[in-house]
Structures are given as structure tokens and as C-alpha cells.
Amino acid sequence: MTPQEIAEKLTARFGSTPDAGIEAKLDNPVDPYIRISADHVLEFAKFLRDDEELLFDFLSCLSGVDLKGKLGAVYQLFSMVKRHKITLKVEVPTETPNIQSVESIWKTANWHEREAFDLYGINFIGHPDLRRILLPYDWEGHPLRKDYQVPEYYNGMKVPY
Amino acid sequence: MEQFLTSLVGNALLVHVIMAVIPLLFILPYALVVIYLEMKIAAHMQDRVAYMRTGWHGTLQPIADMVKLLQKEDTIPAAADKFLFIVAPYIVFIGTYAAFAALPFSSAFIGSNLNVGIFYIVAISSLVVVGLLMAGWASNNKWSLFGALRSAAQIVSYEIPSAFAILGIVMIAGTMNLQELSAIQTGGIMHWMILGGTLPLMKKLFVIPLVLVLFVVYYISSMAEVNRTPFDIPEAESELVQGYNTEYSGMKFAIFYLAEYANLFAVSAVATVLFFGGWASPFSSLMTGPWWSAFWFISKGMLFVCLNIWLRWTLPRLRVDQLMYMSWKVLTPFAFACVMALGLVLVW
Amino acid sequence: MAETIAAPPKTSNGKPLRTEEMIINMGPQHPSTHGVLRLELVVDGEIVVDVVPHIGYLHRCFEKHCEHMTNYQQVIPYVDRMDYVCSMNNEFAYVVAAERLLKIQVPERVEYIRVIMAELQRIASHLIAVGTYGIDIGAFTPFLYCFRDREKILDLFEMTCGARLLYNYMWIGGLSHDIPAEFVARAKEFCAYFKPQIRDFNNLLTYNEIFVKRTAHTGILPPEVAVNYACSGPMLRGSGVNWDLRRDDPYSIYNRFDWDVAVGTGETGPVGSCWDRHIVRMKEMEQSVRIIEQALAQIPEGDVQSAIPKRIRPNPGEVYARTESPRGELGFYIVSDGTGTPYRIKARSPGFVNLSVINEIARGGMIADLVAIIGSIDIVLGEVDR
């Protein structure tokens with residue numbers, strides 16, 4: 001299925017849901033994506049995984065992005081059975097970055113969401129164990145944000161080398 | 001030997017002291033040789049050469065290793081149980097060295113000519129378990145504790161098949177005295193226990209396969225007694241760092257190291273005495289005598305040591321429960337069946 | 001062989017004996033965690049009840065560095081150092097993603113050389129994986145045989161680009177050096193030399209009774225769980241899932257060669273065991289040799305640096321490209337904002353994803369099994385932590 005058809009299928013199923021926010025950007029160089037709203041991620045995910053024509057069983061990558069003023073999460077979904085792919089994007093404001101967690105749908109998301117939380121501060125609602133993964137557990141700040149300032153001291157050690 | 005020394009020295013106590021020290025005079029050079037052998041055999045099996053620079057082809061390397069170990073700082077972990085920690089390596093060494101007292105090094109020398117020689121050896125080498133447990137516990141380190149517990153379980157379990165194997169030979173020979181066992185096997189290779197001992201030919205045909213199985217059972221159990229791969233679970237380097245050895249350094253580590261190699265020779269020596277003639281020469285009248293018999297004993301022992309080294313560097317290690325399974329459900333039934341069959345054959 | 005624990009023994013007044021579970025730390029420094037990985041184990045005797053991995057000890061802020069580069073080409077040495085054991089495959093993944101973003105078509109010669117280098121690196125990486133796996137299980141000798149063969153591959157790399165481990169060889173649009181004249185002959189020699197070595201290695205380790213007993217019934221990963229956790233590479237194929245990105249999501253010129261995908265079939269035990277993953281790696285090495293021989297026979301002439309752009313300034317956009325590295329699916333998600341500096345580069349590393357499965361498959365086994373499982377996942381902490 002092409003991204004156009006996938007977008008149409010999603011709109012057909014969820015178009016009537018209020019503030020589902022489906023916006024397909026299909027002419028984007030190079031990978032087309034579908035933007036959805038943060039509050040319905042779980043329903044979308046379930047539909048994408050379970051529908052017989054879509055069968056997106058492989059969540060390849062879940063990355064956080066810092067779009068100026070907003071934080072985003074990008075989901076790269078593949079279907080091993082149907083051999084098609086789609087990219088989903090979710091954008092949330094930086095002050096309240098809450099996105100529903102898809103950990104119950106694809107277990108890959110467990111560590112990927114922890115990493116997005118660690119590096120961007122995106123809060124995934126419903127994640128069973130949301131804590132830092134790459135940085136020490138008592139680190140302050142979210143480093144990959146564009147406005148991140150390196151702290152002077154960490155536990156008494158000078159940070160900028 | 002004892003008479004010779006008494007005539008030389010006179011004082012009976014001094015004679016006993018010298019007799020007690022002679023195996024130590026063997027163990028120390030032997031340790032240097034076996035360390036060298038281990039690293040060279042391992043290296044050549046692994047398609048590389050080991051040390052080549054210290055001495056000709058690295059022959060002085062073991063001395064360098066010993067000097068290095070002895071001059072290292074002897075650390076004791078702060079929370080360790082000091083007394084047990086310090087005493088443990090010596091107990092392990094004592095358990096091993098005490099077995100040397102009953103080994104017939106030559107037709108003229110045996111430390112202590114016990115009537116229950118082999119029984120004594122099996123019993124006293126269990127002292128090693130106590131030392132290992134002390135080492136693991138006193139290190140105050142969970143990984144050492146694991147190593148010690150595994151080691152204790154392993155050594156205790158593998159004593160049973162080895163005792164059965166020994167029992168079979170004792171049945172054929174009729175004596176537990178190691179000097180007599182070696183004396184029985186004089187007169188050429190056909191008198192060695194592995195080829196049936198001094199039994200008539202008809203019985204030999206039945207006895208030889210049984211004795212072969214007993215030898216294999218004994219050799220495998222002896223590898224487990226010494227904690228060598230494939231049974232080196234207690235010091236499994238890739239899992240437990242060094243097992244019960246982890247916290248030891250310097251002189252104490254050197255004593256553990258020495259004890260391991262001494263134990264290796266002790267079990268190899270027992271294997272040669274029981275199955276391969278001890279100090280008896282393979283030729284009936286050639287190369288016999290007190291010095292030649294010492295030569296035969298030591299070279300046969302070294303042969304089994306080399307076999308052990310070869311196996312160590314070839315095989316992976318067994319998991320703890322597989323090890324236990326092998327001891328209780330494979331080796332013991334086999335050994336038991338062989339001993340029963342041997343009894344039948346002998347009685348016939 | 002995770003047998004159930006027998007019912008706990010009873011004390012003299014009939015109540016069951018109280019046992020405690022021990023929390024033990026397989027700390028960052030440990031001979032068999034393949035790097036700085038900390039595993040917190042909750043064990044009941046020897047049985048592992050829970051495994052909690054803590055990573056991040058090798059986090060080097062790769063993604064943050066990329067956002068301050070002046071050039072997309074400057075990212076390549078960083079990409080090398082992610083998974084330092086298979087650098088060529090990392091570079092391959094990155095340049096495939098970048099060339100897709102920039103819509104560059106590289107010359108044929110470059111494609112062939114890239115495939116040859118990637119497959120040689122795959123063999124080298126698998127040699128480390130199986131060699132260290134042997135050490136974890138206790139067999140010390142196969143490790144040295146693997147490294148002896150790996151030296152020959154590293155000689156080939158050194159001949160080409162001067163480096164043995166971290167190459168900075170594949171550039172966006174081409175390569176940094178062309179292969180020297182004697183490379184093709186030496187590589188053919190290596191292929192002829194290597195094929196019997198795999199057979200010897202299998203005889204020594206893979207089919208050894210003790211090795212099979214240690215690995216054939218542990219770490220069973222069911223295929224549905226593997227797909228749900230997005231495992232890839234030998235982990236996925238060892239569970240019987242016939243999926244290889246070189247064939248199923250093709251990139252570069254892999255579709256021109258005739259080769260098979262190695263899948264675990266449960267030869268010695270249930271499908272998805274550690275042994276299956278190991279044999280998949282061994283078979284993949286054989287298939288890599290096949291690909292290399294075919295590529296060496298077909299390599300055309302050309303200039304390897306003709307398509308390298310003078311200035312890299314992609315249009316605003318984003319791309320996600322994935323390739324098959326020895327450990328699994330290595331993907332790069334690149335976001336460009338129209339300037340010469342990358343806006344966001346996310347490396348989806350196979351080790352990060354494969355390691356997350358460890359709690360599922362290690363529970364119920366023994367500590368010795370845990371060591372075997374970690375070895376069979378084949379992680380390199382450099383790419384897990386980036």
C-alpha cells in the first residue's frame with residue numbers, strides 16, 4: 001500500500017474522531033509522513049497494528065525531535081507481512097509534552113520512549129517504567145533540546161571540560 | 001630411603017623432617033615446569049607462540065611469574081573475615097600436600113607407607129573443600145561465594161565415582177597399600193592394571209574393558225576434583241571473574257595457584273599408580289631400580305598432566321547442573337556397574 | 001534446561017524453610033558482558049528471577065555532536081565509532097541514508113567496493129562474536145583461531161585505507177580511497193582460505209556436545225516476541241523468521257548476487273535458542289564469502305570520487321534508511337533543515353533494541369545461561385549507548 005492509501009484508510013477510520021489531527025504530508029522530501037495528534041496515539045497504533053490490510057507489526061524506530069518551540073516524536077513503522085512502511089509524527093508543546101505510550105502495542109517502544117524521555121523530556125503517559133536510560137538517573141536537564149545549557153557541576157565534578 | 005637417611009644423619013626426628021620436605025622439593029620445580037608447559041601447549045594449540053624472550057623460548061618465564069606474584073601487594077578486603085581469609089589458601093595447600101605423603105615416588109621412597117594408602121589419599125584431599133569454602137566466604141564477595149559453593153558441591157559429588165573406580169582396582173590388586181600396588185605391576189607392561197594386572201589371560205579379556213571404563217571414569221572425576229575445564233565452574237573466568245580466587249593477590253594467590261597444580265599432579269600420580277603401573281617400568285627388566293622407578297613415576301604423572309592441559313584448552317565448560325547430572329546420573333552408575341561386573345569376574 | 005525448582009524443604013516443625021533472593025550485580029566491569037553493561041540480577045540460588053539492565057556507561061552524545069557539525073561528511077568518523085567492531089557497516093548505513101536524502105547516485109565501482117567491504121566487515125564482526133561467545137562458554141581456543149582469521153581481513157582494510165578498525169572510508173557520494181591493485185587477488189585468496197576454516201570451527205565448537213548442551217535449550221526467543229520487540233539480524237533469524245534487509249528492503253546492489261538467507265531451524269533444540277543464533281552467524285559468514293567472490297568477479301572500472309559533492313546542502317526534508325549490519329537493522333533517521341549542518345540524526349542501533357529483550361528470555365534460567373544469552377545477543381556497547 002502506498003502512503004496515500006494508508007493515509008486514506010486512517011482518515012476513513014478516524015476522520016470523525018474529534019481533534020484526531022490527521023495531516024498527511026505526502027510530498028515531503030524524502031519520506032512522506034502522517035501527522036497525528038498526541039491524545040489518540042494509542043488508538044491509532046492499535047489500528048495500525050491489527051487491521052488486516054495494514055498489519056504494521058514492526059516499530060523500527062521511535063525518535064524524539066526538537067522542532068523549534070515544539071517537541072515531537074517520530075514513529076517509523078514497517079510491516080514485515082505486507083512490505084509497506086509509514087512514518088507517523090506527533091507534535092506536542094514544550095511545556096506539556098505528554099504523549100500516550102505505545103509500549104503496550106509494540107514492546108520496542110519501551111526503551112525508545114525511555115530514551116526520548118531522557119534526551120528530550122517527552123512524557124509518555126502509560127509507560128510502565130519511565131526513567132532515564134542513557135544518562136545517570138540523577139542528571140538534570142534534557143540534553144538534546146536545542147536550548148539545552150550544559151550544567152556547571154554534576155555531583156561536585158566540573159562538567160564543561 | 002629411610003635407612004639411607006638415618007645412616008646419613010642419625011637423628012630420627014631430623015630424618016622424618018627431611019622425608020616430609022622431599023615432596024615439597026619436588027613440587028616447587030614441578031610447578032615451574034608445569035606453568036611453562038601449560039602456556040606453551042596452550043599457545044601451540046591456539047596457533048601462536050607464547051613467551052619467547054625470557055630465556056630460550058620463554059623457559060625463564062615461570063620464574064618471572066613467581067617473582068611477580070611474590071612481590072605484589074597482599075590486599076585483604078576491608079570487610080573480609082581476616083582470619084579465614086588468611087588461612088584458607090594454606091588449608092587448601094595442606095590438603096593437597098598431605099596427599100603427597102602417600103605417593104610412591106620410587107621403589108625406595110614413599111613418604112609414609114600406609115596400609116590404607118589410597119583410602120587415606122581420597123579422604124585427605126577432601127580437606128581442599130574446606131579451604132575453598134573458607135576462601136569464598138571470607139572474601140565477602142557474592143561472586144566468590146558462588147564460586148565456593150559450586151566448588152564444594154562439585155568436589156564432593158565427584159569423589160563418589162572416583163572412589164568407585166579406585167575400589168575396582170583395589171579389588172583386583174587386593175591391597176590398598178600404594179607401594180605394594182606398584183610392586184604388583186612390575187614385570188613389564190602386561191602386568192599393568194590397565195591391561196588386567198597379573199590375572200590369567202582368560203580373566204584378562206573380561207577385566208580389560210571394565211578397567212578401561214573405570215579409568216575413564218576416574219580421569220573425568222579427577223578433572224572435576226582439580227577444578228579444571230571442562231569442570232572449572234568454580235573459577236569460571238568469564239562468569240565469576242575468578243570465583244573464589246577473586247579477592248586474592250600476591251603470596252596467597254601464589255599458594256592457591258601452587259595448590260592447584262600440586263593437586264593436578266597428585267591425581268595424575270594416583271591415576272598412574274592405579275592403572276599404569278606407578279613406578280614400574282614398561283619393560284620387564286630394563287630400566288628398573290630406585291632412580292629409574294622415580295623417573296618412570298614422574299614421567300607417567302607428567303603425561304597425564306599434559307593430557308589434562310590438552311583437554312583444558314579444547315573443551316568448553318559444563319554448567320553446574322549438567323556437571324552434577326553427569327556425576328550422579330552418568331559416572332556413578334557406570335562405575336558401579338563396572339565394579340559389580342568386576343567382582344563377578346574376579347570371583348569366577 | 002530451566003527445570004522447575006523443587007518444593008522448598010521443610011524445617012522440623014513442618015513449616016517451609018524460608019529462603020531469600022539475592023540481588024547481585026554483574027557490574028559494569030565484567031569479563032563477559034561484552035563492554036560496560038551493568039546487569040542487576042535477582043537470583044534465587046542459581047536461578048535468575050529478574051534481570052534489570054542499566055546502560056549508558058558508554059554514552060558519548062553522538063547525536064548532539066552531529067547537530068554541531070559543519071558538514072554531513074564530518075559525521076562519518078563518529079558513525080564509525082558507534083559500533084567499533086563493524087565500522088564499515090555503520091558507514092554504509094549512514095551514506096545510504098545521506099545519499100537518499102541528497103538524491104545522489106554513486107558510480108557502479110563504488111557500489112561494488114562498498115558491498116565487498118561491508119561483507120568483509122560482516123565476517124570480521126561475526127568472527128569476534130563467535131570467538132568471544134566461545135570464551136563465555138569456556139572454550140578458549142576458538143577465540144584465537146577467529147582472531148587469526150580476522151587479522152587477514154584487517155590486513156585487507158589496512159591495505160586500502162590505512163586503518164584497521166575505524167576507517168572513515170565510505171564518504172557521501174563515493175569512497176576516500178580506491179582499492180589498490182593487489183586487493184582483488186588478495187581478497188580472492190582470503191575467500192579460498194576462509195571456507196575450510198568455518199568448517200573446522202564448526203567441528204571444534206559449534207557441534208561440540210558440551211557447547212550444544214550449554215546453548216541449545218536456553219534463551220528461547222519466540223518469533224512473535226522477537227517481532228514485537230523489533231529484534232533484527234541473527235536474533236530474529238535465529239527464531240525462524242526469514243527476514244533479511246539486504247533481500248527484503250533492498251539497498252545498494254545486493255539483488256545482483258546469488259546468496260541465501262541463513263535462518264535458524266531448531267536443529268539441536270527448540271527454535272530460537274542461543275545455538276540457533278550462533279549457527280545463523282556461522283552460516284552468514286559462508287554466505288558473505290559467496291557474495292564477496294561474486295562481487296570480486298564483477299567489479300567494473302571507474303572513478304570512486306567522481307560523485308562526491310563539493311558542498312552538501314540538502315533540501316529541507318527527512319529520511320529514514322535502514323541496512324543490515326552484522327548485529328541487525330541499523331537505521332539512520334536524518335532531518336535536514338536546508339543548511340549544511342544536520343538538524344537531527346538519530347541512529348537506530350540494533351544492539352539497543354536487541355538488548356531490551358533480555359529480561360524476557362533470561363528469566364528462569366541460571367546465571368551460566370545468562371552469560372550464554374548475552375553472548376548470543378552479540379551486543380557492542382558502543383552502539384547501544386551511542
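Start by selecting helices α7 and α9 of chain B: α7(B) passes α9(B) in a left-handed crossing, meaning that the near helix is turned anticlockwise from the far one by less than a right angle. This is a predicted model, in which local features need pLDDT of at least 70, side-chain atom pairs count only at pLDDT 80 or more, and totals for chains, interfaces and linings use all residues. Residues are numbered from 1 along each chain as its sequence is written, while chains are lettered from A and ligands numbered from 1 in the order in which they are written.

In your selection, α7 covers residues 142-173 of chain B and α9 covers residues 201-225 of chain B. Their axes (lines fitted to C-alpha atoms over the stretch in contact, with angles from 0 to 180 degrees between N-to-C directions) come within 8 Å and cross at roughly 150°. α7(B) and α9(B) are therefore roughly antiparallel, a label for angles over 145 degrees.

Now show the side chains at this crossing. From α7(B), the contact residues include B:Y158, B:A165 and B:I172; from α9(B), they include B:V211, B:L214 and B:Y218. Contact here is C-beta atoms, placed from the backbone, within 7 Å. Colour the contact by type and you get twelve nonpolar, five polar and one charged residue. Here Ala, Val, Leu, Ile, Met, Phe, Trp, Tyr, Cys and Pro are nonpolar, Asp, Glu, Lys and Arg charged, and the others, Gly among them, polar.

Zoom out to chain B, with its 13 helices and two strands (DSSP runs numbered from the N terminus: H or I of at least four residues, E of at least two). Its radius of gyration is 21 Å, close to the 20 Å that the globule rule gives for 348 residues, so chain B is as compact as a globular protein of that length. The radius is taken over C-alpha atoms, and the rule is 2.2 Å times the number of residues to the power 0.38.

Next, select α14 of chain C, residues 367-377. Eleven of its eleven residues are buried, so α14(C) is largely enclosed by the rest of the structure. Buried means 20 or more other C-beta atoms within 10 Å of a residue's own. Just after α14(C), look for C:D378, with a positive phi of about 60°.

Last stop: chains A and C together. Here 30 residues of chain C are in contact with 25 residues of chain A. On the chain C side, β6(C) gives the most, with five residues.

Notes:
Two residues are in contact if their C-beta atoms, placed from the backbone, lie within 7 Å. Angles under 35 degrees count as roughly parallel, over 145 as roughly antiparallel, 65 to 115 as roughly perpendicular and the rest as oblique. A residue is buried if 20 or more other C-beta atoms lie within 10 Å of its own, exposed if 12 or fewer, and partly exposed in between; C-beta atoms are placed from the backbone.
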